[in-house]
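Please look through the structure below before reading on. The text then goes through its contacts one after another.

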There are 2 protein chains.
Amino acid sequence: MEPVSTEQVAAFRRFNRYFTRRIGVLNDHYLGQDRPLGEARLLFEIAESPAGVSLRELRSRLGLDAGYLSRMAKALQAQGMVRLRTHPDDNRLRMIELTPAGRVEVKEQNRRADTLASDVLKGLTAPQRQQLIDAMATARRLLRLAAITVEWVDGHAPDARACLDAYAADLDARFPEGFDKADLVRPEQVSGDAGAFFVAYEEGRPVGCGALRRLEPGMGEIRHVWVHPDARRLGLARRLLAAIERESLRRGWHVVRLDTHAVLTEARAMYRACGYREIPAYTDHVYGQHWFEKRLTG
Amino acid sequence: MEPVSTEQVAAFRRFNRYFTRRIGVLNDHYLGQDRPLGEARLLFEIAESPAGVSLRELRSRLGLDAGYLSRMAKALQAQGMVRLRTHPDDNRLRMIELTPAGRVEVKEQNRRADTLASDVLKGLTAPQRQQLIDAMATARRLLRLAAITVEWVDGHAPDARACLDAYAADLDARFPEGFDKADLVRPEQVSGDAGAFFVAYEEGRPVGCGALRRLEPGMGEIRHVWVHPDARRLGLARRLLAAIERESLRRGWHVVRLDTHAVLTEARAMYRACGYREIPAYTDHVYGQHWFEKRLTG
DNA sequence: CATATTCTTTGACTTTAGTCAAAGGAACCT
DNA sequence: AGGTTCCTTTGACTAAAGTCAAAGAATATG
């Protein structure tokens, strides 16, 4: 991979500096009213789970010390913002949820944040606003993509199975005829010499996968390329594909094939854009209605 | 002006949240080594002024309490990072500047920040990197523009004169024949019924100006439209122009004219893009080589 | 020249943010 | 049933961040 130019690094940092000074600071100080930042952040995080969250969950989400969190929770309770209860199934866990007053408070803070954002945008004309929003969306998309890593994992790994389960559920909802999990590759088909399995992680969370397995000598098959709904439209599928192709080449499988379902039109478009060409049926797979092939060059 | 759509506000906040979580947090914690954040920030701010700054200046720039700053300065001095001296002309002021060791430290922190930025960019392909940098540049440009306000000020106001002085110095450097300050409008020509003066402010600092004065009944003349070098390429000149035109219309001067120097080619392009058309000479102004006119419609 | 103002330093606080360890109750494991 | 693990609470800290007011020195102002 090419080195990063110093000019790009400088531009990146220039934006970071300006942005944190302009927006970052404002947001935090302004929002919390007279509540300390830690409490305000906690309140917001609790609001994310309307049905209530365990302290344990909050602790790992916000990376807080147990004692610190316990005290902040108590403080919010004293202010009437939250209610604390023990978990119905596990008396060790404490569940925390907003009271009506807490919900009002969060709503008010959100309103204030909206006003702030709106005030910034008001300084621009309508086309400029759209341009800003578009630029931010692009920047966010690319920042997210930059933070996602594609990693090789064993076909038996829990993350691999979790992705495949989500993949299966996804297809089951999209295929008119549903999807039978029996069609998924078995762990041993994508382990060792038989194949490989890749999982994409965003901040520790699996958000996509893709499998490679041996089809015949010198030829691999790509299966189960899937991206979590939250991580779509980032260009992640291409990254997964690239990782699989690299691995295929490494093994000396210079041709890869795949089949895909008729309803997955975006997938077809992507494969074409990535250099795959449609070929005649090479399987009589239940869910295969389009077949593709690509000759890899390293 | 059109109201801001809630979808745009939501997108704006989405970016803010993501960005501050991803970048904001990292930057601060990582950089400071084992120095407290406040001191690290102070060190960086001092580094911005290689010739030294007064504590007073730092206090207003960073919005710190006098006592707090005094103590932090002492701490940095004890660490050998800065040198404190009294101002040569005013013994009340203390000047602070980096020692060689301080400069090394800042350099090291900068190197670390560069590495951090570079690490993020490394996760992208070369075209994606450029796309991210471009999106950030666009976002920054528009955020800055949104923060700039154009205000009516009296022609005698110090900010008005400061802008005109900078304008004159600027032109003096760019015109082959130099620029004579006697050519500037006199304050009374742009005050009251005779005309108006506008200054653009970015975070309290004047960064541009523009004047309107009566040429003949029903006709105004635009003069001295200028933007500070730091604030160019933001689209600020157009904003100044728009403010002047609005004021002209308000006064019932339905036609505005202006002249401009041959070397200012960007200015000419902008006037054309803003609906001005070139007309025959209406003055025999020393620095006028192109003449423009626009009929205003409200 | 006296008085007001400006700027910095110092002492004496407070609040936030965060850490660590001990302890108690509940659930899990064998 | 007994030990282990898990989760939360509490007490006892520390460091950072920030506030307020008094005091002292220098400068500006009438």
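Predicted model: local features only at pLDDT ≥ 70, side-chain atom pairs only at ≥ 80, totals over all residues.

The contact between the protein chains draws on 53 residues of chain A and 53 residues of chain B. The size of an interface is often given as the accessible area lost when the parts come together. For chain A and chain B that area is about 5200 Å², and 68% of it lies on carbon and sulfur atoms. On the chain A side, the residues that lose the most area to chain B are Phe12(A), Arg13(A) and Phe15(A), which together make up 13% of what that side buries.

Polar and charged groups also take part. Under the rule applied, 14 residue pairs are in polar contact across the interface of chain A and chain B, with both residues at pLDDT 80 or more. The count of salt bridges between chain A and chain B is four. In one salt bridge, the side chain of Asp114(A) meets that of Arg13(B), at 3.0 Å from N to O.

Which elements of chain A give two or more residues to the side that touches chain B? They are helix H1 (6-31), helix H5 (100-122) and helix H6 (126-147) of chain A. The largest share, 19 residues, comes from H6(A). By residue class, this side of chain A divides into 27 nonpolar, 12 polar and 14 charged residues.

The next point is symmetry. Chain A is superposed on chain B by a rotation of 180° with 0.1 Å of shift along its axis, at an RMSD of 0.3 Å. This is the relation of a two-fold axis. Within chain A, the C-alpha nearest the axis belongs to Ala135(A), 2.4 Å from it. Of the interface residues of chain A, 100% are also interface residues in chain B, so the copies meet through the same surface.

Now to the DNA. There are 20 residues around DNA strand D, and those that come nearest are Arg56(A), Arg71(A), Lys74(A), Arg94(A) and Tyr68(B). Sugar and phosphate make up 68% of the atoms of DNA strand D that come within 4 Å of the protein. Asn91(B) places a backbone N or O atom 3.2 Å from a phosphate oxygen of DNA strand D. In the side chain of Arg92(B), an N or O atom is 3.4 Å from a sugar or linking oxygen of DNA strand D.

At least two residues of the surface near DNA strand D come from each of helix H3 (55-62) and helix H4 (66-78) of chain A, and helix H2 (37-47) and helix H4 (66-78) of chain B. H4(A) supplies the largest share, five residues. That surface divides into six nonpolar, four polar and 10 charged residues.

DNA strand C remains. Of the 20 residues around DNA strand C, Tyr68(A), Arg56(B), Arg71(B), Lys74(B) and Arg94(B) come nearest. Phosphate oxygens of DNA strand C lie 3.2 Å from a side-chain N or O atom of Tyr68(A), 3.1 Å from one of Ser70(B) and 2.9 Å from one of Lys74(B). H4(B) gives the most to the surface near DNA strand C, with five residues.

Technical notes
Residues numbered from 1 in each chain as written. Chains lettered and ligands numbered in written order. Heavy atoms only, no water. Contact = heavy atoms within 4.5 Å. Buried area = accessible area lost by both parts, 1.4 Å probe. Polar contact = N/O pair within 3.5 Å; in protein donor to acceptor, adjacent residues only side chain to side chain. Helix = DSSP H or I, 4+ residues; strand = E, 2+ residues; numbered from the N terminus. Nonpolar A, V, L, I, M, F, W, Y, C, P; charged D, E, K, R; others polar. Least-squares fit on C-alpha atoms with pLDDT ≥ 70 in both. Near = heavy atom within 4 Å.
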